[in-house]
Amino acid sequence: VQLQASGGGLVQTGGSLRLSCAASGIDFNINTMGWYRQAAGKQRELVADITSRGSTNYADSVKGRFTISRDSSKNTVYLQMNSLKPEDTAVYYCQLVLSITRYSTSTYWGQGTQVTISS
């Protein structure tokens, strides 16, 4: 399994970015795809994820500003980030959870993409 993330960069406060993560080499059903982030000196945290049925989950800090979506035909997940704030600065990681059996899953991580918001 490979996850290729892209779309990070440097923008000013209030700007927008769109992250993409394409998964390949998948031999099992996708359970969820999502985005986590890790700011310097902090733990990695969930930003948003989306299930195979399209149900979404967001961190409170990004609700109303970020939108996660998915193109199942391309095994790709997107994160549209609007109204960006300096506190959104972090390395963003794509996560893929596969359903291996009825009771087990396997988790994969992308390489991370830097998002920097200038004030």
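This is a predicted model: local features need pLDDT of at least 70, side-chain atom pairs count only at pLDDT 80 or more; totals for chains, interfaces and linings use all residues.

Trainee: Great. How many disulfides are there?

Mentor: The count comes to one disulfide. Cys21 and Cys94 form it, with their sulfur atoms 2.1 Å apart.

Trainee: Where in the chain do those two cysteines sit?

Mentor: Cys21 is in strand E3 (residues 17–24) and Cys94 is in strand E9 (residues 90–99), so the pair links distant parts of the chain, 73 residues apart.

Trainee: And is that link left-handed or right-handed?

Mentor: The link is left-handed, with -85° about the S-S bond.

Trainee: Are the two cysteines buried or exposed?

Mentor: Both Cys21 and Cys94 are buried.

Trainee: Moving on to the core. Which residues have the most contacts inside the largest nonpolar core?

Mentor: Trp35, Leu79, Met81 and Tyr92 do, in a core of 29 residues. Several strands each supply at least two residues of this core, among them E1 (2–6), E4 (29–38) and E8 (76–81). Strand E9 gives the most, with five residues.

Trainee: What does Tyr92 touch?

Mentor: Not counting residues up to four places away in sequence, Tyr92 touches a list that includes Leu19, Trp35, Val47, Phe66, Leu79, Met81 and Val115. Arg37, Gly112 and Thr113 are also among the residues it touches.

Trainee: Changing topic: is Arg65 buried or exposed?

Mentor: Arg65 counts as buried because its relative accessible area is 11%, and the cut-off for buried is under 20%. Its place is in the loop between strand E6 (56–58) and strand E7.

Trainee: What is Arg65 in contact with?

Mentor: Leaving aside neighbours within four places in sequence, Arg65 is in contact with Gln80, Met81, Asn82, Ser83, Leu84, Lys85 and Asp88.

Trainee: Nice. How many aromatic pairs turn up in the whole structure?

Mentor: A search finds one aromatic pair. The rings are those of Tyr36 and Trp109, with centres 5.0 Å apart and planes at 75°, so the pair is edge-to-face. Tyr36 is in strand E4 and Trp109 in strand E10 (residues 105–109), 73 residues apart.

Trainee: How accessible are those two?

Mentor: Tyr36 counts as buried at 19% relative accessibility, whereas Trp109 counts as partly exposed at 36%.

Trainee: Last one: which residue lies over the face of Trp109?

Mentor: Arg44 does, at 4.6 Å from the ring centre. Arg18 lies over the face of Tyr78, at 4.1 Å from the ring centre.

Notes
Residues are numbered from 1 along each chain as its sequence is written. Side-chain values use heavy atoms; hydrogens and water are left out. A disulfide is a pair of cysteine sulfur atoms within 2.5 Å. Helices (H or I, at least four residues) and strands (E, at least two) are DSSP runs, numbered from the N terminus. Buried means under 20% relative accessible area, exposed over 50%, partly exposed in between (1.4 Å probe, protein chains only). A nonpolar core is a set of buried Ala, Val, Leu, Ile, Met, Phe, Trp, Tyr and Cys residues joined through side-chain atoms within 4.5 Å. Contact means heavy atoms within 4.5 Å. Rings of Phe, Tyr and Trp (its six-membered ring) pair if their centres lie within 6.5 Å; planes under 30 degrees apart count as stacked, over 60 as edge-to-face and the rest as tilted. A charge sits over a ring if NZ of Lys or CZ of Arg is within 6 Å of the ring centre and within 35 degrees of the ring normal.
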